[in-house]
Amino acid sequence: MKKLNPSYFEFFFFRYGIIVVFIQIVSISLHIYLKEEDLVYLAIPAILCVLFLLFICSSEYRMLRKNLPPANVFLTDNSLIINEVSYSSEQIEKISYMSVRNTLNKFPDYFYEIKTIDGVYFYFLDKRMNWKGESPTMKLLNANPLFSLKTKEKEQSSKGFSAFHKQDKL
């Protein structure tokens, strides 16, 4: 059984953690270069970076949970376990991979949309791309003979979260 979606911490850290790490490296380098002995000049950027990371991550998390509650998805040999409910390959109509740009930032989010034969939609975040720019989730789904024919890529949407089908809470 393999988990297909990343945790929220992993998703947001790889998205914004690079910025925080870069700022910390620059501030430490300036602190060493200027031979500053007062540690307040190191503490202020660190505190601001942590506050920035907490604010951005929590605001995006709230927006994501409000507009599109992501499912927790596991892949087994012959089924998908979505939010602790097992769906066989016969119950899955299609699995669509799409990138969506939301209005707050320029970088796309990569999502999977799972449609069951009874018309229920599930969404989950994609894991971080590998160094070749490939989705590890797409590789897992394409390697599985039961789901490879049901997996396809959708066009990029500029509608943000409105591109997704709204569904009632189950």
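What follows is a walk through the model, one selection after another.

**Before clicking**

This is a predicted model, so a few limits apply: local features need pLDDT of at least 70, side-chain atom pairs count only at pLDDT 80 or more, and totals for chains, interfaces and linings use all residues. Residues are numbered from 1 along each chain as its sequence is written, and side-chain values use heavy atoms, with hydrogens and water left out.

Helices and strands here are DSSP runs numbered from the N terminus (H or I, at least four residues, for a helix; E, at least two, for a strand).

**Stop 1: the annotated stretches**

In the model, residues 12–33 are 100% helix and 0% strand, with the end C-alpha atoms 31 Å apart. Residues 39–57 come out at 95% helix and 0% strand, and there the end C-alpha atoms are 27 Å apart.

Now select 40–67, which is helix H2. H2 has 28 residues and reaches 40 Å from first to last C-alpha, close to the 40 Å expected at 1.5 Å a residue (the expected span is 1.5 Å times one less than the number of residues). Show side chains for Pro45, Cys49, Ile56, Cys57, Glu60, Met63 and Leu64: these are the buried residues of H2. Buried means under 20% relative accessible area, exposed over 50%, and partly exposed in between (1.4 Å probe, protein chains only). For reading that list, recall that an α-helix has 3.6 residues a turn, so residues three or four places apart point the same way.

**Stop 2: a four-stranded sheet**

Next, pick out S1 to S4. They make an open sheet in the order S1-S2-S3-S4, with antiparallel pairing; two strands pair if DSSP finds at least two bridges between them. S1 (2–3) and S4 stand at the edges with a single partner strand each, so one side of each is left without a neighbour in the sheet.

Zoom in on S1 and S2 (residues 73–75): two bridges join them, and Lys3 stands opposite Phe74 in S2. Over at S3 and S4, the pairing runs to four bridges, with Ser79 opposite Ser88 in S4.

**Stop 3**

Check the backbone torsions: phi is near 50 degrees at Asn83 and near 70 degrees at Glu84. That deserves a click because most residues other than glycine have a negative phi. Colour by accessibility and Asn83 is partly exposed at 40%, while Glu84 is exposed at 79%.

**Stop 3: Ser79**

Buried or exposed? Ser79 lies in S3, and its relative accessible area of 8% makes it buried. Its side chain makes polar contacts with the side chains of Thr76 at 2.7 Å and Ser86 at 3.5 Å. A polar contact is a pair of N or O atoms within 3.5 Å; within protein, one must be able to donate a hydrogen and the other to accept it, and residues adjacent in sequence count only if both atoms are side-chain atoms. Leaving out residues up to four places away in sequence, Ser79 touches Phe74, Ser86, Tyr87, Ser88 and Phe147, where contact means heavy atoms within 4.5 Å.

**Stop 4**

**Last stop: Thr151**

Finally, select 151–153, strand S8, where Thr151 sits. Thr151 is buried at 11%, and a polar atom of its side chain lies 2.8 Å from the backbone oxygen of Phe147. Beyond four places in sequence, Thr151 is in contact with Ile95, Met138, Leu141 and Asn142.
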